[in-house]
Amino acid sequence: MEELLQLPGEWVLDDSGKRYPGVLFVDKSKRSVYLKIWFYGDNYKLIEPFGTDFVRPIVTGRLMNGKHVTLAACVGALMTIKSNIKDPKFSSEYCVNVKYAFTNANINNERDLLFRGALVDYGDIGEWAQESMVDYESDFKGFYKWWLKRKTGAQFWIRDSVFVFVSAEVHCGRKNDMRAEVLIGQPTTVQFYYLAEESWDRIMDDVEIVRELIAFGMDRHIELGKVQTVHDSMMPQQLRGAQSFHASYCEEVYIGTKRKDAPFRVAAENIWLSLPDILPLLCQKGGQGQTRLSLLRPVIKLFLEAHLYTDELHVEKVFLNLSRGFEAAHRSLDMISGGKGEYVAFWPRLKALLEPLCDIEGSGFSKVNLKDDIKSIVDSRNYYTHYDPKLYKAALHDEQLAQLNNRMTKILRYYILKLLGLSESVAKERAGLGKTPQSKVVSEEYSFVVGG
């Protein structure tokens, strides 16, 4: 568990430029960043200099260690007022919640909140990135020979103005005994490069897009770890404006969004989607891949909400998220094929998605019972949306609804894989339609360039 950082310093809270002493608290485990300021005086004007509420786009400060800090999106309130027997007679405490805290960047107003890129640690995602591997060979005496294969970094575009570069640094070691365990560490760095300076909110949105892709591909929660950024003020004059940057110029960003996913599901051992799978779709700037990804993102978010972040015992919540995912998937399919994504009733959307997969092994749907299955889904969706007692008997409940959720999860995963560029046969195999997916699948369609 990461400790709570306490960073004392002086802070400029208003346009007067006056510096107030206070402490910045950073709790990384809870994604909480807040600033506490204490005021003392013998009247309320001194202990309530900002009234009861405090809202400012930025607050600048300097820590005791000399680092410049900029706090963005600050919302605070007067927390306590105390009267003392001794002078000063009164004291107050302001607590200011902060969305982002940037260190060592010379940011003094909102116009300066533009950045060149970010470096992000998503944790152990080596299997998703497939950046490197180690092979072993044993002779008849039990001695092991081993060697390392290092793959080059991969680049793809998620928008016209930003490309993502994924690379791995492999650290390996071995004791004198050749039969000893070979220890390998493979930190994977994901770097976001922007052709023009971008707002941090937009950068974080792009960071979330990649996090969601990895979470879907690895079928488990992906924690957003250390996040670093680079600002022009951090770089030498001759390097400013460059389309790439070195990690030595980056500084960690403290994130105070308080958004913390709580995964309920046990992670599976399958890798449904890996980095090499999406490269053919997203490797070209200005291609259809970025459009397809933007249309697919709501579907992936709903899938994760249903499959990872909702307790499976709450079958009705899982079902509603899957139902919304089906509607979003159908709209995405329509727009990708040239349609306008106009409103369509839930029944024909279900029919269009389920009918092509009827009677396929593993789908759980057949043409003979399709009409009844669709009616059960529609009736259940209507009941759990409105909770009209008249609809109770027509809806599915408990075990029946849980079984339906499992079938719908498999179908929705198939359509996401297909829309992300996998072929029909590979998407079906990965989703367990027709064939049972093998654990830790490697794409059978796409090759990956191997470096020296």
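Predicted model: local features only at pLDDT ≥ 70, side-chain atom pairs only at ≥ 80, totals over all residues.
## Overall architecture

The protein contains 10 helices and 16 strands. Of its 452 residues, 48% are buried.

Among contacts in the protein with a separation of 6 or more, 65% are between residues 24 or more positions apart.

## Aromatic pairs

A search of the whole structure finds 17 aromatic pairs. One of them joins Phe39 and Tyr94 in an edge-to-face arrangement, with 5.4 Å from centre to centre and 85 degrees between the planes. This pair links distant parts of the chain: Phe39 belongs to strand β3 (residues 32–41) and Tyr94 to strand β6 (residues 90–103), and the two are 55 residues apart. Both Phe39 and Tyr94 are buried.

Another edge-to-face pair is formed by Tyr414 and Tyr415, with 4.8 Å from centre to centre and 65 degrees between the planes. Tyr414 and Tyr415 are both buried.

## A cluster of rings

Which residues do ring pairs link into a cluster? The members are Phe319, Tyr383, Tyr384, Tyr387 and Tyr392.

## Arginine residues over rings

Arg407 lies over the face of Phe365, 4.6 Å from the ring centre. Arg413 lies over the face of Trp272, at 4.0 Å from the ring centre.

Key. Residues numbered from 1 in each chain as written. Heavy atoms only, no water. Helix = DSSP H or I, 4+ residues; strand = E, 2+ residues; numbered from the N terminus. Buried < 20%, exposed > 50% of the residue type's maximum accessible area, 1.4 Å probe, protein only. Contact = heavy atoms within 4.5 Å. Phe/Tyr/Trp six-rings, centres within 6.5 Å; stacked < 30°, edge-to-face > 60°. Lys NZ or Arg CZ within 6 Å of the ring centre and 35° of its normal.
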